[in-house]
Amino acid sequence: MADVRLTEIRKSFGALDIIKGVDLSIETGEFVVFVGPSGCGKSTLLRMIAGLEDITSGELTIGGSVMNDVDPSKRGIAMVFQSYALYPHMTVRENMGFALRFAGMAKEEIERRVTDAANILELGPLMDRKPKALSGGQRQRVAIGRAIVRNPDVFLFDEPLSNLDAELRVHMRVEIAKLHKTLKSTIIYVTHDQVEAMTLADKIVVLRAGVVEQVGAPLDLYDDPNNTFVAGFIGSPRMNFLKAQVASIAPGFVTVSLANQPDVQLRLPAAAPSVKVGDEVSIGVRPEHFRAAGQGDADLVVAVDVAEHLGNTSYVYAHVSAGERIIIERAESRSAINREKLTVGLSAASSFLFDSAGTRVR
Ligand SMILES: Nc1ncnc2c1ncn2[C@@H]1O[C@H](COP(=O)(O)OP(=O)(O)O)[C@@H](O)[C@H]1O
Ligand SMILES: [Mg+2]
């Protein structure tokens with residue numbers, strides 16, 4: 001087990017700057033998830049930690065040792081990829097032991113490690129099968145087993161569940177969470193799926209275009225996002241953003257009026273507002289934070305497009321005006337939403353204020 005530190009890490013491919021100065025501390029035993037949209041640089045960052053990509057500049061340490069120029073095999077890491085990349089002609093047992101045989105480990109030790117990993121992953125009955133006789137989930141478990149037998153200081157996972165169907169993904173997500181509880185090892189896990197990030201991580205690192213937007217515990221990011229990018233990325237359905245304008249500022253408060261319904265004003269707490277009267281801003285409201293009419297600090301009338309009843313909850317797709325679409329969650333109501341107009345309450349305490357650049361105003 002080891003900690004991992006990144007200091008001012010950069011990566012360029014030719015003239016393209018892909019990773020633009022990442023500082024990050026990953027503690028021993030921590031489960032850290034890199035999340036962000038496709039192409040933001042998650043895999044590149046992980047591959048630099050693994051040693052599969054050169055680091056253009058900055059410093060990487062694992063367990064206190066600088067690893068920038070250390071061979072991947074000497075970094076104490078094991079990586080699990082999206083594609084399982086099992087050897088088709090080898091059995092599960094042979095696949096799992098391959099790297100150890102290659103490293104010249106004694107036969108008994110290999111057997112012991114492979115058996116331990118097989119027990120942890122419940123692969124026992126499958127040990128003599130070839131990969132083609134396994135389901136996708138079983139293959140991915142073998143790929144994870146192959147990492148476990150190496151007893152690495154740090155596990156690196158790159159979208160390991162992306163090739164699995166939805167049901168299996170949920171199942172394997174739980175398996176990986178259990179694995180972390182059992183092994184207590186340091187894990188760095190890449191995904192574009194914010195639900196995976198929320199459910200697995202001790203700490204989430206939100207990346208956008210090679211820059212870390214925010215680092216924090218899942219619920220801290222959910223409750224206290226720094227900007228509209230993080231606010232919109234974490235949470236499903238995503239946070240609504242209503243265009244607004246600053247109407248007045250008083251000590252501790254900013255009062256805004258909605259751009260598309262100017263008679264609706266909301267007085268939001270802000271200790272050190274970085275906006276001025278007349279500024280364009282946006283109000284972030286999570287779907288579940290709309291109240292019933294009259295139950296919030298202001299009422300908003302919306303036109304209903306569609307209501308989806310999922311049994312445990314309902315989502316109302318509506319708009320304030322053309323172009324400003326919102327999603328409202330109604331946990332209490334199954335049927336009474338198929339009206340044309342709906343009045344919902346806005347609560348100042350559970351709304352977020354962002355400036356025109358998308359930065360949170362606090
Ligand atoms: N070998 C490479 N040469 C040039 N560009 C690359 C190379 N590898 C990745 N990139 C680019 O770097 C960016 C980040 O890629 P990647 O790290 O794979 O993103 P993610 O894993 O977040 O989807 C993308 O724009 C991708 O096209
Ligand atoms: Mg990737």
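The axes of α2 and helix α4 (residues 136-148) come within 8 Å of each other and cross at roughly 35° in this predicted model; axes here are lines fitted to C-alpha atoms, for helices over the stretch in contact, and angles between N-to-C directions run from 0 to 180 degrees. Helices (H or I, at least four residues) and strands (E, at least two) are DSSP runs, numbered from the N terminus. The crossing of α2 and α4 is right-handed, a term used if the near helix is turned clockwise from the far one by less than a right angle, with anticlockwise giving left-handed. Val92, Asn95 and Met96 of α2 make the contact with Val142, Gly145 and Arg146 of α4, where contact means heavy atoms within 4.5 Å. These residues divide into three nonpolar, two polar and one charged; Ala, Val, Leu, Ile, Met, Phe, Trp, Tyr, Cys and Pro count as nonpolar, Asp, Glu, Lys and Arg as charged, and the others, Gly among them, as polar.

Helix α2 (residues 92-102) also meets helix α3 (residues 107-120), their axes coming within 10 Å and crossing at roughly 135°. The two helices are therefore oblique to each other, given that angles under 35 degrees count as roughly parallel, over 145 as roughly antiparallel, 65 to 115 as roughly perpendicular and the rest as oblique. The passage of α2 across α3 is right-handed. On the α2 side, Arg93, Met96, Gly97, Leu100 and Arg101 take part, and they meet Ile110, Glu111, Arg113, Val114, Ala117 and Ala118 in α3. Six nonpolar, one polar and four charged residues form this contact.

Attention now turns to a loop residue. Serine 185 lies in the loop between α5 (166-183) and β8 (186-191). With a relative accessible area of 4%, serine 185 is buried (under 20% relative accessible area, with exposed over 50% and partly exposed in between; 1.4 Å probe, protein chains only). Apart from neighbours within four places in sequence, serine 185 contacts Met1, Gly29, Glu30, Phe155 and His180.

For the protein as a whole, the secondary structure comprises eight helices and 20 strands. Buried residues account for 51% of the 362 residues, and 65% of the contacts between residues at least 6 apart in sequence join residues at least 24 apart.

Residues are numbered from 1 along each chain as its sequence is written, and side-chain values use heavy atoms, leaving out hydrogens and water. Local features need pLDDT of at least 70 and side-chain atom pairs count only at pLDDT 80 or more, whereas totals for chains, interfaces and linings use all residues.

Conventions. Chains are lettered from A and ligands numbered from 1 in the order in which they are written.
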